[in-house]
Amino acid sequence: MNDTHDVIVIGAGPAGSTTAGLLAKAGHRVTVVERATFPRPRVGESLLPVELPVFETLGFRPEGSSFFKSGADFLDERTGDYGRFDFCDGLEGTSSHAYHVERPLFDQQLAERAEALGASFRFGVRATRVDIHDDNATVTLDSGDVLTGRYVVDATGRDRLLCRQHRSFERIEGLGNAAVWTHFNGLGDEAIEELSVSGNITVLVLEKGWGWVVPLPNGRLSTGFVSKEQGVVRKEWWEAQYAASPMLQRLTRGATREPLEIVGDYSFKNTQPYGARFGCVGDSSAFLDPVFSSGVAFAMAGAEFLVDLLSPALAKGREAEPELLAPLGAKMKHAYDVFGALIHSFYHTNLVRNIFFYDDPDPVLRSGFISVLAGDIWRDDNAFQNMLLRSAR
């Protein structure tokens, strides 16, 4: 195929579809290649308020796939300790809500919105290699086709095409290693009513890990468990954690359970996330333990930052500059530093007791903590965030 594109985006998840939609909206010729056909199974269903401005820029709203979310609850069922953190109690300017979404439908709707903005999509084809040349970049597909573009964006998630091709993988130690999860269908009326009061995600605090309880539309519930220990995450471990949780037993009474799934290979960074004529965005750039739901937030925010840099460069013919995305790298490094320090503290310090479950917390630190939970981290007036980063040095 000899057609030349402005940008070839590999992957149609939140990072890829956001990138494609915003570039197409700016008038660039964009093609997205995606190995799956949509809708496809996916977790990562709990979103953050920081995504809402990107929704507005795209002209997008998750219709029929969303469940209103006010904030986050933390619960240690071993001790009865409980803390609620609503986004409306964050620092001034932090958005007051977010959504839980059915990811298969959400991802499909986001791709459809990007297509409506002018991006082209090819589903069911896999990109196998990217080659960078002086005057263009080429993407080889498993069909034998070769696409030619001025720029390539890797949004392949944890498949991390360019990270594997460049051998630029670096594991982040001390965070979660894997998750085992499932969905329940047909929740009872009392369970739906209880979950609908705030719509919050509940994080279950475990001895060496955590669990998520995410309410979804149409009487569904997503729940899974993550451990930072190697070799622990097996289906039998999920069964043991589920049996030990009175909350889950109560909420899912009478519901039907889907098969258990295991996702591994957590917590890594790509040490070469950009270069001449290419950039990586979302999980193909880095992936942290998902305890604070940063995955989709960083994918969409990172995509918006990328487009802010790439779009004017395309207009001026500067897209081959190797350091074009250096400001994106700096912005996302800050994001991963903040959430990395928060997650490390969650696993290895007294953060849970001192922030989550303290009877009389410092109101300034509490508000700052909530703004971090909301993903509102690109600001310099957050005392909690500044303290967190100092403690990580």
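Helix 9 (326-348) contributes the most to the lining of the second largest pocket, namely nine residues, where helices (H or I, at least four residues) and strands (E, at least two) are DSSP runs numbered from the N terminus. The model is predicted, with local features requiring pLDDT of at least 70 and side-chain atom pairs counted only at pLDDT 80 or more, while totals for chains, interfaces and linings use all residues. Residues are numbered from 1 along each chain as its sequence is written, and side-chain values use heavy atoms, with hydrogens and water left out.

The second largest pocket has a volume of about 640 Å³ and is lined by 28 residues, of which Lys269, Met332, Lys333, Tyr336 and Asp337 lie nearest its centre. A pocket here is an open set of points, on a 1 Å grid over the protein atoms alone, where a 1.4 Å probe fits, with protein on both sides within 12 Å along at least five of seven lines, and its lining residues have an atom within 4 Å of a point; a volume is the space filled by probe spheres set on the points, which are joined across faces, edges and corners. Besides helix 9, strand 18 (268-270), helix 8 and helix 12 (383-392) each supply at least two lining residues.

Phe268 stands opposite Phe287 in strand 21.

Helix 8 (295-316) likewise supplies at least two residues to the lining of the largest pocket, as do helix 1 (14-25), strand 2 (30-34), helix 4 (161-166) and strand 14 (209-216). This largest pocket holds about 1200 Å³ of space, and its lining comprises 48 residues, with Arg42, Arg103, Gly157, Arg158 and Asp283 nearest the centre.

For the chain as a whole, the secondary structure comes to 12 helices and 21 strands, and the C-alpha trace spans about 60 × 45 × 40 Å along its principal axes. Buried residues (under 20% relative accessible area, with a 1.4 Å probe and protein chains only) make up 58% of the 393 residues. Of the contacts (heavy atoms within 4.5 Å) with a separation of 6 or more, 74% join residues 24 or more positions apart.

Key:
Two strands pair if DSSP finds at least two bridges between them. Buried means under 20% relative accessible area, exposed over 50%, partly exposed in between (1.4 Å probe, protein chains only).
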